[in-house]
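Visitor: Hi, can you walk me through this one? Please keep it short.
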Amino acid sequence: KMATIPLGFNIDSPRWDQSTFVGRLKHFLNITDPRTVLVPEEELDRAKALVESCRAGVVPPGSSREQLLYAKKLYDSAFHPDSGEKMNFIGRMSFQVPGGMAITGCMLQFYRTVPAVVFWQWVNQSFNAFVNYTNRNAASPISLRQIGVAYVTATGAALATAVGLNLYTKRAPPLLARWVPFAAVAAANCVNIPMMRQQEIINGITVTDENNNELGHSRRAAVKGIAQVVLSRITMAAPGMIILPIIMERLEKFTFMQRIRVLHGPLQVLLCGGFLLFMVPAACALFPQRCSLALDDLELELRDSIVAKHGDKVPYVYFNKGL
């Protein structure tokens, strides 16, 4: 036996205004909540079933608004927004804080020797590959070969940047050496994300009108969405990887810190977690998830097609930029 949903309630309608940064920040604080990583798979599946039944207009009797909103939070944290498929554990945005803090902390701690730099940059790029593949635009399939090329290219870019700068900074002030991991991460993001999502650039991504009616495929929309994701990912890493080395450089001059060298690594991991706890949702919120592009900025062929069908009724097209 099922009940009808509360009058006027739309489970897919954002709880906060997505046209403002603060509204998007609240939204991503909700769905990147690292506590959802601990939710059992069975509960995630129940949340999906509840969301889908709510979309159909019926819910189990006694379901409160709070229960429906919590189910949507779990659904958004674990299922792909395009395909509705459950995302791999490592690639979920809710795993960005625990996964990112461990890897970033280790990259910042073990930066002095080339083997350590190589190992931790490889670990980081493997993690990034999972995240980028998981959060791609699901309407643009990518082959295993393309995934492999993207992974190898991005890892190569990160290692070349990290090892090259590591050797260069041997004679530079110590703080510059601590910033090498960030330079490597930024360089790799500029390669990894476009390569992992190359099909979107080659074939274009689906663009719609404001009512979600499909209008065609645009390569320019794909480029804009991917560029925003690259900038978001670099922003996500920047505060922790730039400010934390300055903090550690100062702290390590104190006698008590020199006595507890074994705790420097765990301390950096915890501090990275503190930065990422805010920066993951803040970076995701930099740009609207439902991205827009002016009709005049589209490819000429697609623009003419839209004008021929709709006249001047579609000034902007919309698309999911990915994360």
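Guide: First, a term: buried means under 20% relative accessible area, exposed over 50%, and partly exposed in between (1.4 Å probe, protein chains only). This is a predicted model: local features need pLDDT of at least 70, side-chain atom pairs count only at pLDDT 80 or more, and totals for chains, interfaces and linings use all residues. Residues are numbered from 1 along each chain as its sequence is written, and side-chain values use heavy atoms, leaving out hydrogens and water.

Visitor: What does Leu-175 touch, leaving aside neighbours within four places in sequence?
Guide: Pro-245, Ile-246 and Glu-249 are in contact with Leu-175, once those neighbours are left aside. Contact means heavy atoms within 4.5 Å.

Visitor: New topic. Which residues touch the most other members of the largest nonpolar core?
Guide: Met-236 and Met-241, in a core of 40 residues. Such a core is a set of buried Ala, Val, Leu, Ile, Met, Phe, Trp, Tyr and Cys residues joined through side-chain atoms within 4.5 Å. Helix α10 gives the largest share of this core, ten residues.

Visitor: Why does this core lie between domain 1 and domain 2?
Guide: Because domain 1 (3-79) and domain 2 (93-203 + 216-278) both give residues to this core. The domain bounds come from an automatic or database domain assignment.

Key:
Helix = DSSP H or I, 4+ residues; strand = E, 2+ residues; numbered from the N terminus.
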